[in-house]
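Please open the structure in a viewer and keep the sequence alongside.

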Amino acid sequence: MFYEQRTSVPETAADLRAEYDDQLASIVDRRGLETVAERTSADRDALEALLAGESPALSLEAAAEIQALEEGEPDAETIETMACEHLLLGMTTAVLDVDAVESHLELELDAKEVQQKIERRAPMSFEEYVHLQHVIAGRAR
């Protein structure tokens, strides 16, 4: 599950995203496209793209809503909170500040944006989350 604390990551952020897309697609497949579309903020096109093996644009919130549909999972708000708290914990473990995270990101986010997103003061896309997690967990080794 994407929200769990990671101590290792695949070689690239794209590989990490593919891992998570597979997990989310599996949930959509088991729960059914219609059910997931009705119970989450993810649009139907994004859900269809997941089922087709693509990496659609999703918010962290939408990914958490999909994950929350899985048996035994916490609610979406808890998942999103845990995901961001694990990023902060990973930064502490790896002794990283937001400037260090920014310097290793493949995305165009400045340190202030990184901090706002991790602290949930600004919306975060799932793509941004994956890249942040990749940098942070990759440095925590």
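Throughout this tour, contact means heavy atoms within 4.5 Å. The model is a predicted one, in which local features need pLDDT of at least 70 and side-chain atom pairs count only at pLDDT 80 or more, while totals for chains, interfaces and linings use all residues. Residues are numbered from 1 along each chain as its sequence is written, and side-chain values use heavy atoms, with hydrogens and water left out.

**First stop: F2**

Select F2 and display its surroundings. Beyond its neighbours within four places in sequence, F2 is in contact with Y20, Q23, L60, A63, A64, Q67, I79, A83, F126, Y129 and Q133. Is F2 buried or exposed? Its relative accessibility is 0%, so F2 counts as buried; the term means under 20% relative accessible area, with exposed over 50% and partly exposed in between (1.4 Å probe, protein chains only).

Next, show the aromatic rings. Rings of Phe, Tyr and Trp (its six-membered ring) pair if their centres lie within 6.5 Å; planes under 30 degrees apart count as stacked, over 60 as edge-to-face and the rest as tilted. By this rule the count comes to 6 aromatic pairs. One of them joins F2 and Y20 edge-to-face, at 6.1 Å centre to centre and with 70 degrees between the planes. F2 belongs to the segment before α1 and Y20 to helix α1, 18 residues apart; helices here are DSSP runs (H or I, at least four residues), numbered from the N terminus. Y20 is buried, at a relative accessible area of 1%. The rings of F2 and Y129 are also edge-to-face, because their centres are 5.8 Å apart and their planes at 75 degrees. Since Y129 lies in helix α8, this pair ties together parts that are 127 residues apart in sequence. Ring pairs link F2, Y3, Y20, F126 and Y129 into a cluster.

**Second stop: the nonpolar core**

Now widen the selection. A nonpolar core is a set of buried Ala, Val, Leu, Ile, Met, Phe, Trp, Tyr and Cys residues joined through side-chain atoms within 4.5 Å. The largest such core has 45 residues, and those with the most contacts inside it are F2, I66, V101, F126 and Y129. Helices that each supply at least two residues of this core include α1 (13-31), α5 (76-94) and α8 (126-139).

Select A46, L47, A49 and L50, which are buried residues of α3. Viewed down the axis of α3, the buried residues fall within an arc of 160 degrees, so they line one face of the helix; the arc is that of the directions from the helix axis to the C-beta atoms. These buried residues pack against α1, α2 and α4. Just after α3, G53 takes a positive phi of about 85 degrees.

**Fourth stop: the salt bridges**

A salt bridge is a side-chain nitrogen of Lys or Arg within 4 Å of a carboxyl oxygen of Asp or Glu. How many salt bridges does a search of the whole structure find? The search finds 11. Select R6 and E19, whose side chains meet in a salt bridge (2.8 Å, N to O). R6 lies in the segment before α1 and E19 in helix α1, so the pair ties together parts that are 13 residues apart in sequence. R6 is buried, at 18% relative accessible area, whereas E19 is partly exposed, at 29%.

Move on to R30 and E70, where the closest N and O atoms of the salt bridge are 2.2 Å apart. R30 is in helix α1 and E70 in the loop between α4 and α5, 40 residues apart.
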